[in-house]
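Dear colleague,

I am handing over the structure below, and I would be grateful if you could look through it before reading my notes. The notes are meant to be read with the coordinates open beside them.

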Amino acid sequence: MKQFLSLFKSPMFVIGFSLFIGTLLLALLGPLVFNITTERVGVQYAPPSGKYWFGCDDLGRDYVSLLIKGLQASLYVGFLAGIIATTLGTLLGIYGGFKGGLVDDIINMVTNLFIVIPSIVIIILISASFSEGRSLTLIAVIIGMTAWTWSARAVRAQSSALKSKDHISLAKMNGANTFAVITLHILPYLASYVFMVFILQVATGILTEAAISMIGLGPLDTVSLGTILNQAKNNGALSDGIWWAFMPATVIITIVVFALYLINTSAEGVFNPRLRK
Amino acid sequence: MLKQYPTLRYILQRGGWYFITFVVAVAINFYLPRLGSNNPVKIIMGNTSQGLSSEAVKEKEEKYLKEFGLVKVKNGKIVRNEDGSPVKASILEQFISYVGMCFKGDLGTSFQKYPKKVLDVIKDAVPWTIALQLPTILFGWIVGNVLGALAAYKRGIFDRVFFPVSLLLSSLPFFVFGMLLVYQFAVVWDCFPAMGGYAGDLIPTFSWTFFSSAAYHYVLPFFSIFLIAAGGQAIGMRSMGIYELGTDYIKYAKWLGLKETRIIAYLFRNAMLPQLTGLALSLGTMIGGALITEMIFSYPGLGMAMLTAIQNNNYPMIQGCTLLITVCVLIANFTVDILIGFLDPRVKAGLQIGKGN
C-alpha cells in the first residue's frame with residue numbers, strides 16, 4: 001500500500017490521476033447535471049448554441065447527451081476488457097511461472113501462439129460474424145479475451161524469477177499449498193506490476209473499441225465514442241467541416257488515454273528506481 | 001540430431017514452431033466467420049436475392065454454397081440427397097477444402113466485384129498500402145530513435161519538453177490525429193486534398209500528372225502516421241537509453257574517460273537491439289496497421305478494400321485480407337527470431353550451451 005501512496009509524490013501521476021478522475025466523474029455525474037436524451041431535439045447538424053453546447057448530430061440528437069453516453073460506454077469497455085485481460089493474464093502467468101514443467105510449457109505455448117496471431121484479426125473476424133446482436137459487452141469480452149497474452153508473458157517472467165526465492169521455499173516447507181503460496185507470497189510482490197499492466201489494458205481496451213467502431217464493427221445497442229466518430233466520417237461531417245461532430249469525441253478519447261498513459265509511465269518511474277533521477 | 005550445427009537447429013526449431021502457429025491461424029481464420037451465423041451464404045442471400053424468382057434464388061444459393069465449400073462436390077457437381085437437396089459437408093471436410101484452395105492461391109471470389117477473384121482485388125490494393133506505410137515507418141523509426149537517444153543522454157530541459165510532447169503524440173489515437181489533420185488542412189485551410197490516393201478524374205498510369213497528383217494526396221496520410229510512429233519510437237528509445245546508461249559498462253567507460261561520442265556509440269548499439277526487432281515487427285503489421293488511416297483518407301489500399309468488404313458482409317474478401325495480415329505478421333516475427341539469434345550475443349551463448357544436450 002505504501003508504494004501506491006508514494007505515487008502521489010510524482011507530479012506526472014497526480015496530473016494523470018486527476019484527468020482520469022475528471023473523466024470518470026463526467027461519465028458518472030454527467031447524467032445528474034445534464035438532461036440525457038437520445039431523442040431528436042434539434043435540426044440536422046444544428047451548430048453549438050447556449051442550449052445545446054456541442055450542437056446536434058445528423059439525426060438531430062443532442063451531442064452532450066451522446067458524448068456522455070459514449071464516454072460511459074468507452075470506460076465500461078475499457079474496464080471490462082482490462083479486468084478480463086489482466087485477471088486471465090495474471091492467473092495464467094503466475095500459475096505457469098510458479099508450477100513450471102508441463103503445465104508451464106502448455107500455457108507458454110498457447111500464450112506465444114496468440115501473441116503472434118494479430119488480435120485485431122480475431123476481433124474483426126468475430127465482430128463481422130455477429131452482424132446482429134453485437135452488444136457492447138460482447139465487444140469488451142472479445143477484446144479482453146484477445147489482449148491477455150502479453151500480460152501473461154510478462155507476469156510469468158516475474159513469477160518464475162520469484163519462485164526460487166527463500167521465503168517461497170520457507171512457505172512451502174511450512175506446508176502451504178499452491179494457492180496460499182501464490183496469493184500470500186507471490187501476488188503481493190507483483191501487485192505494483194499487475195497494477196501497471198491493468199492500466200495499460202484499460203487504455204488498450206478503450207482504443208481498440210474506438211478502432212473497431214471506426215471501421216463499422218462497433219456495438220449496435222448503444223452509442224460509444226467510436227461510433228460517434230464513425231458516423232461523423234460516414235455522413236460526411238468531417239469533409240463538410242462540421243467540427244462539433246468529431247472534435248469533442250476525439251478530445252475526450254485523447255484525454256482518457258493520455259491520462260492512463262501518464263499514470264502508467266509515472267508508476268513505472270516510482271516502482272522502478274532505476275528510471276528515477 | 002544436428003548437434004554440431006546449433007544455429008541451423010535453432011532456425012529449424014523456430015520454423016517448425018511458426019508452422020504450427022500458421023496452421024492454428026488458418027484454422028481460426030476458417031472457423032471464426034462460421035461462429036456467429038453458421039451459414040455465411042444466408043447473409044449474402046439476404047442482401048442479393050431481392051427481386052429474383054425463387055428458381056433463380058435457389059440456383060444462386062447453390063452456387064454460393066458450392067463456392068464456400070459448404071456442400072459436398074463430386075466431379076464439379078453438387079452431391080444431392082434423394083429429394084434433390086444438396087448434401088451438407090461436415091466442418092472437417094469444409095476445412096480441408098478451404099486449406100486446399102488456400103494453397104492453390106485461390107482465396108475465393110469477391111461478392112461485391114463478382115466475378116473478380118479476391119486475390120486480384122488484394123493485388124490491386126497492396127501496392128498503395130506499401131507505398132503509404134513503408135517510407136512512413138522507416139522515417140518515423142529513424143527520427144524517433146535519434147530524438148529518443150538524445151533525450152536519454154541529455155536529459156535536462158530538452159527531455160522535459162520533449163518527453164511529454166512525444167507521450168501526448170503517441171497517446172493520441174492515430175485515427176483521431178488523421179481526422180484532425182483532415183479538418184485543419186483539407187477543410188479549414190483547403191491546401192491539401194481530404195480523400196483519395198489521386199485526383200478522382202485520373203486513371204492510374206505512368207504519367208507525370210498522375211504521379212504529382214498521387215504525391216499531393218500523399219502528404220496528409222503520411223504525416224498522420226509519421227508523427228505518431230516517431231513519438232512511439234522515441235519513448236521506447238528513451239527508456240532503453242536510460243536503462244543502458246545505468247549499466248556497469250557505461251559507468252566503466254565514463255570512469256575510463258572515454259570520449260562522449262564513443263560512449264553514445266556504445267549506448268546506441270546496445271539500446272538498438274529491441275528497437276530493431278520493433279522495426280521488423282512494425283513492418284510486419286504494416287499491411288493491417290493502416291486500416292483506419294486508409295479509411296479516414298479513403299486511400300485506395302488494402303484497408304479500404306477490407307472496410308468495404310466489412311460493410312458488405314463480403315466474407316471471402318474479409319477472410320483473404322485477415323489471412324494476408326496474419327501471414328505478414330508471422331513472417332516478420334520469424335525474421336525477428338532469426339535476426340536475434342544472430343545479433344544478440346546472449347541468445348548465441350544460449351545456443352552454444354545447448355550444444356551439450
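What follows describes the model as a whole, then each chain, the contact between the chains, and a few individual residues.

This is a predicted model, in which local features need pLDDT of at least 70 and side-chain atom pairs count only at pLDDT 80 or more, while totals for chains, interfaces and linings use all residues. Residues are numbered from 1 along each chain as its sequence is written, and chains are lettered from A and ligands numbered from 1 in the order in which they are written.

As to confidence, the predictor assigns the complex a pTM of 0.82 and an ipTM of 0.75. Among the elements of chain B, the highest mean pLDDT, 87, belongs to helix 9 (residues 248-255), and the lowest, 63, to helix 15 (residues 345-353).

Chain A contains 10 helices and zero strands, where helices (H or I, at least four residues) and strands (E, at least two) are DSSP runs numbered from the N terminus. The C-alpha atoms of chain A occupy a box of roughly 75 × 45 × 30 Å along the principal axes. Of its 277 residues, 48% are buried; a residue is buried if 20 or more other C-beta atoms lie within 10 Å of its own, exposed if 12 or fewer, and partly exposed in between, with C-beta atoms placed from the backbone. Among the contacts in chain A with a separation of 6 or more, 70% join residues 24 or more positions apart, two residues being in contact if their C-beta atoms, placed from the backbone, lie within 7 Å.

Chain B, by comparison, has 15 helices and two strands, and 37% of its 357 residues are buried. For chain B, residues 24 or more positions apart make up 68% of the contacts with a separation of 6 or more.

The contact between the chains takes 37 residues from chain A and 47 residues from chain B. On the side of chain B that touches chain A, helix 7 of chain B gives the largest share, eight residues. The residues on that side of chain B comprise 33 nonpolar, 13 polar and one charged, with Ala, Val, Leu, Ile, Met, Phe, Trp, Tyr, Cys and Pro counted as nonpolar, Asp, Glu, Lys and Arg as charged, and the others, Gly among them, as polar.

Beyond its neighbours within four places in sequence, Cys321(B) contacts Ile122(B), Leu302(B), Ala305(B), Met306(B) and Ala309(B). Ile310(B), which lies in helix 13 of chain B, counts as buried because it has 22 C-beta neighbours inside 10 Å. Again leaving aside neighbours within four places in sequence, Ile310(B) is in contact with Ala128(A), Ile215(A), Gly216(A), Leu217(A) and Ile318(B).

Two helices may interest you. The buried residues of helix 4 of chain A are Ile107(A), Thr111(A), Phe114(A) and Val116(A), and their cover includes helix 3 (63-99) and helix 6 (136-162) of chain A together with helix 1 and helix 14 of chain B. In helix 10 of chain B, a kink of about 40° lies at Met272(B), shortly before the proline Pro274(B), the bend being the angle between axes fitted to the seven residues ending at a residue and the seven starting there. The buried residues of helix 10 of chain B include Leu267(B), Ala271(B) and Leu279(B).

Finally, two loop residues. Asp221(A) sits in the loop between helix 8 (178-214) and helix 9 (225-234) of chain A, and counts as exposed because it has 11 C-beta neighbours inside 10 Å. Asp221(A) is 87 residues from Arg134(A) in sequence, yet their C-alpha atoms are 7.3 Å apart. Ser298(B), in the loop between helix 12 and helix 13 of chain B, has a positive phi, near 45°, although the residue is not glycine. Most residues other than glycine have a negative phi.

With best regards

Technical notes
pLDDT = per-residue confidence, 0-100.
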